[in-house]
Amino acid sequence: VDVPIELDNGTVAHFEGYRVQHNVSRGPGKGGVRYHPDVTLEEVMALSAWMTIKNAAVNIPYGGAKGGIRVDPKKLSPNELEKLTRRYTSEIGVIIGPTKDIPAPDVNTNGQIMAWMMDTYSANQGATVTGVVTGKPIELGGSLGRVKATGRGVFLTTREAARNMGLALDGARVIVQGFGNVGGVAAELLAQAGAKVVAIQDHTGSVKNDKGLDVPALQAHARKTGGVKGFAEAEAIGDEDFWGLPCDILVPAALEGQVDDKRAERVKARLVVEGANGPVTKAGDKVFADRGITLVPDVIANSGGVIVSYFEWVQDFSSFFWTETEINERLVRIMKEAFTSVWDVAQQHKVTLRTAAYIVACTRILQARDLRGLYP
Ligand code: NAD
C-alpha cells in the first residue's frame, strides 16, 4: 500500500507499506508490523511464513501474517509517526480484523503504535474493536504478562530441554547474548532457578563472572548506562572470546545470523536455546547437529510472546481479564505441551528439534487444509 502523509514542514511524503497473509488454514493471520528502512515485500513474505510455522508449532489457532513499512521511524516526529500509522492502518483496514488478521508490535513498533492502530480501525468500523491488534497498553485491553512473556518462554523451554537431557538447571553455567526484553528476562529467570549466568554480551560489550553474575544488579547498571559494559562486579572480555567460554547452556537472544559455523565450532555448551529469531545460521545449525549439541529452535523457544498475544486476543473477545498468575500458568501449560510434542517427534524420527518443529507445524497446517477441503 502507498502511505502518504503530510510532514510537519508541510510537504507530502510517500512510504511503501505491506501486509502479507501467508497461510490462514488454521485461523486468522497473526504477526507483527515492523518499521525499518530495509523492509521489502520479500522480507515481509518470509517473516509471514515464519509466523505460520511458529503459530502451528505451538498449536495456537492462527495462521501466519506480517506487515511493515519501509521507513526510518527515528527520522519522524511523534506527530508524523502517528499519521503514518493511522494511514497505513486505514489502507490495510480491509484485510485486517479480529477474525481475519491481527497485527502486533515488531521491530520499532510498540504499544502506543498498537493503540493508534486500534483507534483508527475502530473509527473506520464505527465501533471499538480492541481485538484487532495485540501488544496494546493494559489500559486499552492489553494483557498482563506480555512484556516478559518471550523471555519467560525462553526460560521455560530451557528448563524442559535441560530436564529431558538430564542437565540440572541448578548450578548450570549459562551464557546469554542480548540483554534486552528477551535475553534480560531469560537471564533473570534462569538465575532465579539456580543457574549461574556466567557471561552476557550486548551491543556495548561482553562481561563475565565465573561465580555467576548478579543479574538484577547488571540490569540496573544496563538501565543506567545503556549496556553491560563497565559493570563493576564482572570482568570485561573480548566479544569473540564470549563464544568459546566454558558453559552448559548458550542463549543467543540478540540478533539473527550471530552463530555461523566458525562460532558454532567453538561453543562449549550442551544446549543452545534460540531466544532471537534465526540467531544460528544454516551452517552453524549443521555444526551443532554434527557435534550432538541440542538446539531448541526459535519457533518454539521464543513463542512466549505470541502465546500471550493469543491470550490478549481471547481476553478482548470476552472483555474479561485474567490475573498475571493465570496468564503465566496458561503459558507454562501451552509451552510444555508444545515442547513435548516436538521433543517426541524428534526422538521418534531421529531428527533435530528444528526439523521436528517443522514436521509438527506442517502436519497441523496440512491437516487443517485437508479438513477444510476445497470450496466450491
Ligand atoms: P531488545 O531491543 O530489547 O534487545 C536486544 C538486545 O540485543 C540488546 O541487549 C542489545 O544490546 C543486544 N544487541 C544488539 N546488537 C548486538 C550485537 N551486535 N551484539 C550483541 N548484542 C547486541 O530486543 P528483544 O525484544 O530482546 O529481541 C531480541 C531478539 O528476539 C530479536 O531477534 C527479536 O526479533 C526476537 N524476538 C523478540 C520477541 C519479543 O517479544 N520481544 C519475540 C520473538 C522474538
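**Strand pairing and helix packing**

Biologist: Which residue in S4 is the bridge partner of Gln 21?
Modeller: In this predicted model, S2 and strand S4 (residues 64-70) run antiparallel and are joined by seven bridges. Within S4, the residue bridged to Gln 21 is Ala 65.

Biologist: Which residue in the turn of the hairpin formed by S1 and S2 has a positive phi?
Modeller: Strand S1 (residues 2-6) pairs with strand S2 (residues 12-23) in the antiparallel sense, over five bridges. One of the paired positions is Ile 5, whose bridge partner in S2 is Ala 13. Five residues lie between S1 and S2 in this hairpin, and the turn residue with a positive phi, about 95°, is Gly 10.

Biologist: Which strands stand at the edges of the open sheet of seven strands?
Modeller: The sheet has mixed pairing and the order S9-S8-S7-S6-S10-S11-S12. Its twist averages 20° from one strand to the next. An edge strand has a single partner strand, so one of its sides is left without a neighbour in the sheet; this applies to S9 (235-237) and S12 (294-296).

Biologist: Which residue in S12 is the bridge partner of Val 273?
Modeller: Strand S11 (residues 271-273) and S12 run parallel and are joined by three bridges. The partner of Val 273 in S12 is Val 296.

Biologist: How many of the seven residues of strand S7 are buried?
Modeller: Strand S6 (residues 173-177) runs parallel to S7 and is joined to it by five bridges. Val 176 stands opposite Ile 200 of S7. Strand S7 (residues 196-202) is mostly covered, and the number of its seven residues that are buried, under 20% relative accessible area, is six.

Biologist: What is the handedness of the crossing in which H4 passes H11?
Modeller: The residues of H4 that meet H11 include Ala 149, Leu 156 and Met 165, and those on the H11 side include Leu 331, Phe 339 and Trp 343. By class, this contact has nine nonpolar, four polar and five charged residues. The crossing of H4 past H11 is right-handed.

Note on methods. Residues numbered from 1 in each chain as written. Predicted model: local features only at pLDDT ≥ 70, side-chain atom pairs only at ≥ 80, totals over all residues. Heavy atoms only, no water. Pairing = 2+ DSSP bridges. Helix = DSSP H or I, 4+ residues; strand = E, 2+ residues; numbered from the N terminus. Axes fitted to C-alpha atoms, helices over the stretch in contact; angles between N-to-C directions. Left-handed = near helix turned anticlockwise from the far one by under 90°. Contact = heavy atoms within 4.5 Å. Nonpolar A, V, L, I, M, F, W, Y, C, P; charged D, E, K, R; others polar. Buried < 20%, exposed > 50% of the residue type's maximum accessible area, 1.4 Å probe, protein only.
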